[in-house]
Amino acid sequence: MVPTIFYAACAIAAAGLALLLMQSGSKFRMGATILGLAGIAWILVIVVQTIPTPASEIGPLGLMILCAFVSVASAVRVITHHRPVFCALYFVLVVVSGAAIYVLLSAEFVAFSLVIVYAGAILITYLFVLMLAQQSPADIGAADAVDYDRIAREPAGAVIAGFVLIAVLGGSVFSVSEQKAESILDQNRAIRQGWGDLSMMPKLLLEQARRTDSTVTAVIARKDGQMIAVQTDHSAIISVQRADQMTPSDLTLAPSLLPDNTSRVGMALVTRFPVSLELAGIILLMAMFGAVVLARKQTDIADDDRRELAGLGKVMDGSQSIQGKAIR
Amino acid sequence: MNQELSSGFTIAANAPIAVALAISALLFVIGLVGFLCRRNMIIMFLCTELMFQGAALAMIAFARLRMDVSGQVFVIFILTVAAAEAALALALVVLLYRKRETLSADAWSDLGES
């Protein structure tokens, strides 16, 4: 399949976005919005059509498409709105719908940390800086906004560059998906990895064993040296010591006792990426130092001495210097 | 998840993942266009956050496809870097605003060679 239709959809979405960005486009705002939405909808339809969907996935797919519309439409508003505060608030909408998509992709922990970190922390910082730096009257129309918020810089060129990128990316996906290749979406592999993660968490393993059988006192290694033997029906067999028995015996754990997303992410964080974790801490510390150094009032070291000679107060103390001037 | 798809595809083996990848590409491109078009420095940095969102969504989608949590762990690192970037970039913006009393990026176009 030659992805001509996909390219056409990209061109339509691009035209809509360019019209929305252009200053003269305010006359055709409605038309441009419809054009852009139609283009995005067409892109999504093409993407969905390419892949056969089993009936069990229709529900998640519908939710996903809903979130897709909210997220992309508010992303467009972020770059087209003429008031920066509203841009920031629309970005919150992007983040929240993004978090919903994460939940649909079964990444719950990251979804909630996204909401907390982005919508809670980063966006508040943005709003603070906006309010520090921008003093504009309460309600202004698009025509009265500051020049640099009103007039986009070369919208046509930027939109063409962006959507050529997306056309190339999408086209490459289409050409790959034509080749017959084995599906790598493998449930068994995931189950095995989940049990493997659990075998590295002895306390959680003991807890899960107790949840199955309350007489368990300890989980011990099996005869083959493994902690857990995964069965074909996705359950697992472990070897346990029970309170009323001298010799170890087997216990079957149901698949519902697999570790949840949060514990698996935490496990991966400390076992597979410990150095990256430390580096992330260092990055945050350095960013904090950097922000403090940057935001402080910048003065020359020699400034104070020179002001002293001229009979003025120190730079850092504003009130004193004004007093000094007034006396002399 | 679905054995009937064994005739399937290397990339985007099921539809929700494909839609998520499409959204991630669209978010990235919209962020890119915004970065090129907008002239308010704060909004330009907000657009870089949009691009971060696109990249993170792609990682989550591939983590789902591979049924592996490494992608999710990577998104946590992306969050870290985004937070650090926001702190530094906004401190810079405040500094620049104090110097020229405007948020327009054009006020600094004389930084280029002239």
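A polar contact is a pair of N or O atoms within 3.5 Å; within protein, one atom must be able to donate a hydrogen and the other to accept it, and residues adjacent in sequence count only if both atoms are side-chain atoms. By that criterion, eight residue pairs, both at pLDDT 80 or more, are in polar contact between chain A and chain B.

## Basis of the model

This is a predicted model, in which local features need pLDDT of at least 70, side-chain atom pairs count only at pLDDT 80 or more, and totals for chains, interfaces and linings use all residues. Residues are numbered from 1 along each chain as its sequence is written, chains are lettered from A and ligands numbered from 1 in the order in which they are written, and side-chain values use heavy atoms, with hydrogens and water left out.

## Chain A

Chain A contains 13 helices and four strands. Helices (H or I, at least four residues) and strands (E, at least two) are DSSP runs, numbered from the N terminus. Of the 328 residues in chain A, 38% are buried; buried means under 20% relative accessible area, exposed over 50%, and partly exposed in between (1.4 Å probe, protein chains only).

Contacts (heavy atoms within 4.5 Å) in chain A with a separation of 6 or more come to 55% from residues 24 or more positions apart. The accessible surface of chain A is about 18100 Å², with carbon and sulfur atoms supplying 66% of it. Accessible areas come from the Shrake-Rupley method with a 1.4 Å probe; for residues, only the protein chains shown count as cover.

## Chain B

Chain B has three helices and zero strands, and its pattern along the sequence is α-α-α. It is 114 residues long, and 68% of these residues count as buried.

Among the contacts in chain B between residues at least 6 apart in sequence, 56% join residues at least 24 apart. Chain B has an accessible surface of about 4000 Å², and 66% of that belongs to carbon and sulfur atoms.

## The interface between A and B

Chain A contributes 100 residues to the contact and chain B contributes 83 residues. The area buried between the two chains is about 8300 Å², of which carbon and sulfur atoms give 73%. Buried area is the accessible area (1.4 Å probe) that two parts lose on being put together, summed over both.

One salt bridge is counted between chain A and chain B, a salt bridge being a side-chain nitrogen of Lys or Arg within 4 Å of a carboxyl oxygen of Asp or Glu. The pair is A:R272 and B:D68, with the closest N and O atoms 3.3 Å apart. On the side of chain A that touches chain B, the largest share, 13 residues, comes from helix α5 (residues 108-133) of chain A. The residues of that side divide into 67 nonpolar, 20 polar and 13 charged. In this grouping Ala, Val, Leu, Ile, Met, Phe, Trp, Tyr, Cys and Pro count as nonpolar, Asp, Glu, Lys and Arg as charged, and the others, Gly among them, as polar.

## Salt bridges

Over all chains, the structure holds five salt bridges. Side chains of opposite charge can pair when their charged atoms come close. Within chain A, A:E207 and A:R211 form one, with the closest N and O atoms 3.4 Å apart. These two residues are four apart in helix α9 (residues 202-212) of chain A, so about one helical turn separates them. A:E207 is partly exposed at 43% relative accessibility, whereas A:R211 is exposed, at 57% relative accessible area.

A:R272 is partly exposed, with a relative accessible area of 43%, while B:D68 is buried at 18%. In chain B, the side chains of B:R100 and B:D110 meet in a salt bridge at 3.6 Å, N to O. B:R100 is in helix α3 and B:D110 in the segment after α3 of chain B, ten residues apart. B:R100 is partly exposed, at 35% relative accessible area.

## A buried serine

A:S97 lies in helix α4 (residues 84-104) of chain A and is buried, with a relative accessible area of 6%. Its side chain reaches the backbone oxygen of A:V94 at 3.1 Å. Not counting residues up to four places away in sequence, A:S97 touches A:C67, A:V70 and A:S71.
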